[in-house]
Amino acid sequence: MYYVVKYSGKFGFIKPWTAVRDGETFSQQFLTPSIIEGMEKKLFPELLENNGEIKKIQRHKLSYDAIDSQQEVTQTRGWKVSKKEMTRERSILKRGVMLNPVLYLAFAEKSDAETAMKQHICLCRNEDILLPNAEIIELTEEQFVELDGFELRFGKSEQSFLVGYNRFDEGKPMYGWIEYNGNKIL
């Protein structure tokens, strides 16, 4: 049995993205192990010393209505020096913003779900706020699988691919495969 907390946002605040700075940054439709671990550490600060492992969040599902492409102006780290001035080059990145995101977090212990239900969470940036619903949903694993959304299942298998490098575990490679239910949004 899972104890599930549903988080949602009314606005397009969630922007999972790759770290590539190449003019256009593509949003991803899944949450990496380090993102889930970061949420867990926010919800349960007593786990801050446990790097590289997720202890309390058993499963997750992320869904949204659409992705809206937005532009962001960035500046390079270096300075361009001429005889009269010093300037920093600017570039424009396009980022995808999820509209009306919904995230389900599944816990094995009801007490963990109760703790999570009293807090907001952020994904990737501090302004990407999702608020919890007021009740815990009890679901079997089969019922959880039927929820709409994307889930990156963590680990190596024949269908796994590299999803990034874990900032909590000395930059070790992270692998997983995507499972989804419901409408595919690309």
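A salt bridge is a side-chain nitrogen of Lys or Arg within 4 Å of a carboxyl oxygen of Asp or Glu. Keep that handy, and remember that you're working with a predicted model.

**Exercise 1.** Work out why R59 and E151 count as a salt bridge, and find where the two residues sit.

*Solution.* 
Step 1: Check the gap. The side chains of R59 and E151 come to 2.8 Å, N to O.
Step 2: Compare it with the cut-off. The pair counts because the limit is 4 Å.

**Exercise 2.** Decide whether R59, E151 and E141 are each buried, partly exposed or exposed.

*Solution.* 
Step 1: Recall that buried means under 20% relative accessible area, and exposed over 50%.
Step 2: R59 has 3%, so it's buried.
Step 3: E151 has 2%, so that one is buried too.
Step 4: E141 comes out at 40%, which means partly exposed.

**Exercise 3.** Find what else R59 pairs with, and which network it joins.

*Solution.* 
Step 1: Look at E141. Its side chain meets that of R59 in a salt bridge at 3.1 Å, N to O.
Step 2: Locate this pair. E141 is in helix α3 (residues 141-145) and R59 is in strand β2 (residues 57-63), 82 residues apart.
Step 3: Salt bridges connect R59, E141, E151, R153 and E179 in a network.
Step 4: Zoom out. The structure has 9 salt bridges, including one between K80 and E89 at 3.5 Å, N to O.

Conventions. Residues numbered from 1 in each chain as written. Predicted model: local features only at pLDDT ≥ 70, side-chain atom pairs only at ≥ 80, totals over all residues. Heavy atoms only, no water. Helix = DSSP H or I, 4+ residues; strand = E, 2+ residues; numbered from the N terminus. Buried < 20%, exposed > 50% of the residue type's maximum accessible area, 1.4 Å probe, protein only.
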